[in-house]
Amino acid sequence: MAAVRRRTARAAASRRRSEGERRRENQRAPEDYAFEVLSRRAGHLRRSERRDLARAWTRLGLWPAELETWVGALGVNGAAIAQVCLTAGIAVSSMDIALDGMRVKQRLRGGEPVFSVLARATACGRSLSD
């Protein structure tokens with residue numbers, strides 16, 4: 001009877017361990033994907049820098065296609081800008097809209113604050129949300 005209990009306990013522990021490992025793999029997968037995207041776009045950065053940037057992008061909780069689009073629009077260092085855009089309700093699809101002769105993504109990459117871009121769009125009668 002004691003041998004059966006030990007086997008059952010070992011099997012349960014093994015199941016818990018494998019579930020935990022799977023959970024960790026699923027949590028790391030978005031960061032690994034972000035790292036791959038950043039490696040393609042910024043191979044000149046050190047691995048540790050790309051890993052830090054991947055963590056920043058992963059914290060946004062974007063789907064893979066969204067991640068690639070935001071990185072393409074704002075650059076590899078644009079996670080903080082993307083976060084403010086998402087908070088303000090600016091959609092990634094609006095990055096190519098021209099406001100006063102300059103695209104939204106160019107304004108943001110150039111350092112114009114997100115809320116300034118949003119105010120400019122409102123003044124022009126344009127919506128930057130989906």
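Modeller: A nonpolar core is a set of buried Ala, Val, Leu, Ile, Met, Phe, Trp, Tyr and Cys residues joined through side-chain atoms within 4.5 Å, where buried means under 20% relative accessible area, exposed over 50% and partly exposed in between, with a 1.4 Å probe and protein chains only. The structure above is a predicted model, in which local features need pLDDT of at least 70 and side-chain atom pairs count only at pLDDT 80 or more, while totals for chains, interfaces and linings use all residues. Residues are numbered from 1 along each chain as its sequence is written, and side-chain values use heavy atoms, with hydrogens and water left out.

Colleague: Which residues in the largest nonpolar core touch the most other members?

Modeller: That core has 30 residues, and those touching the most other members are W57, W70, M95, V104 and L108. At least two core residues come from each of helix 1 (2-41), helix 2 (47-58), helix 3 (64-74), helix 4 (79-88), helix 5 (104-109) and helix 6 (114-124), these helices being DSSP runs of H or I with at least four residues, numbered from the N terminus. Helix 3 gives the largest share, 5 residues.

Colleague: What does W57 touch, once residues up to four places away in sequence are not counted?

Modeller: A contact is read as heavy atoms within 4.5 Å. On that reading, the partners of W57 beyond four places in sequence include A34, L38, L62, L67, W70 and V71, and also G75, V76, G78, A79 and A82.

Colleague: Where does the charged end of R51 sit?

Modeller: A charge sits over a ring if NZ of Lys or CZ of Arg is within 6 Å of the ring centre and within 35 degrees of the ring normal. Here the charged end of R51 lies over the ring of F35, at 4.1 Å from its centre. R51 belongs to helix 2 and counts as buried because its relative accessible area is 14%. Its side chain also reaches the side chain of D32 in a polar contact of 3.3 Å, a term for a pair of N or O atoms within 3.5 Å, of which, within protein, one must be able to donate a hydrogen and the other to accept it, while residues adjacent in sequence count only if both atoms are side-chain atoms.

Colleague: How many salt bridges does the count come to?

Modeller: The rule asks for a side-chain nitrogen of Lys or Arg within 4 Å of a carboxyl oxygen of Asp or Glu, and the count comes to 11 salt bridges. A network of them links E31, D32, R51, D52 and R55. Within helix 2, R55 and D52 are 3 residues apart, about one turn of the helix, and their closest N and O atoms are 3.1 Å apart. R55 is partly exposed because its relative accessible area is 36%, and D52 is partly exposed at 46%. Another salt bridge joins R46 and E49 at 3.7 Å, N to O; R46 is exposed at 56%.

Colleague: Is E112 buried or exposed?

Modeller: E112 stands in the loop between helix 5 and helix 6, and it counts as buried because its relative accessibility is 16%. Its side chain meets that of R107 in a salt bridge of 2.9 Å, N to O, and R107 is buried too, at 8%. A polar contact of 3.3 Å joins the side chains of E112 and R120. Leaving aside neighbours within four places in sequence, E112 is in contact with R107, V117 and R120.
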